[in-house]
Amino acid sequence: VIDLYVDNQSIVSLEGIQYFTNLSLLDCSYNQLVSLDLTQNVNLQDVFGSHNFITNAILPNFTNPVHINLSHNQLSQINLATINQLVYLFLNNNNLTSLTFNNPNYTYLVDGVMDVSNNPLVSLDMSQLRNSESNFGEPFDDLYINNTLLTQLVCPLAYIKYYYINNNPNLELISFQNQLMENFVENDFDTGLQISNNPNLGYICVDDIEGEFTTELEFFEDYF
């Protein structure tokens, strides 16, 4: 079995999934699962498990670029160290208080979308994220960080096309690194960044761009 669709079947357990070692796609969304152990399913490329009651998800050591949707669950933690290449990741609408991309060899963003919104996040560590060399120069499309409890946000990636950072009541500082402003200027800044309803936001820091830093920083005035 390569593709397994068991969505919307009122399933409460995926006991036995460990024997499906050739699985490339698993869709178990809209069920009543409380746990998801995919340790043995190392060939997975697509994991769709949204709209369950999952409190514990164990991901395999992925060997391929992956699409993961575990949104609308009850996750309070998840280990992302096994992701080498990420196409998209939806973890929005969970109970996550901290999230770390902690693969020691980096997690490379190939293309797509990441959404961690609607979580009580107080810590988000993206320092181990990198743009994939396979699409270097082409930005990762969208990053959504809305409705969290973060006080600081460090964005280390230059090649993300659209940032959405809204409704974070405790957010005081956003730091854009790795020449992000240069990317905004080249890719139409006005459509590249949406920041609103962050009432405590006092600082937006960017890397210096020789000869342009002061001028381009003026674009941020409307976000305070």
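Predicted model: local features only at pLDDT ≥ 70, side-chain atom pairs only at ≥ 80, totals over all residues.
## Paired strands

Strand β13 covers residues 140–144. It pairs with two partners. One is strand β10, residues 113–115. The two run parallel and are joined by 3 bridges. Across this pairing, Met114 stands opposite Leu143 in β13.

The other partner is strand β15, residues 160–166. This pairing is also in the parallel sense, over 4 bridges. Here Asp142 faces Tyr162, which lies in β15.

Asp27 sits in strand β2, which spans residues 25–27. Its relative accessibility is 11%. Buried means under 20%, so Asp27 counts as buried.

Which residues does Asp27 touch, leaving aside those up to four places away in sequence? They are Leu4, Tyr5, Val6, Asp7 and Phe48.

## Cysteines

How many disulfides does a search of the whole structure find? The count is 0.

Cys28 has a relative accessible area of 0% and is buried. Cys205 reaches 35%. That value lies between the 20% and 50% cut-offs, so Cys205 is partly exposed.

## The largest pocket

The largest pocket holds about 220 Å³ of space. It is lined by 13 residues. Closest to its centre are Leu14, Glu15, Ile17, Gln18 and Asp37.

What classes of residue make up the lining of the largest pocket? There are 5 nonpolar, 6 polar and 2 charged residues.

Notes
Residues numbered from 1 in each chain as written. Heavy atoms only, no water. Disulfide = S-S within 2.5 Å. Buried < 20%, exposed > 50% of the residue type's maximum accessible area, 1.4 Å probe, protein only. 1 Å grid on protein atoms, 1.4 Å probe; cavity = no way out; pocket = protein on both sides within 12 Å on 5 of 7 lines; lining within 4 Å. Points joined across faces, edges and corners; volume = space filled by probe spheres on them. Nonpolar A, V, L, I, M, F, W, Y, C, P; charged D, E, K, R; others polar. Contact = heavy atoms within 4.5 Å. Pairing = 2+ DSSP bridges.
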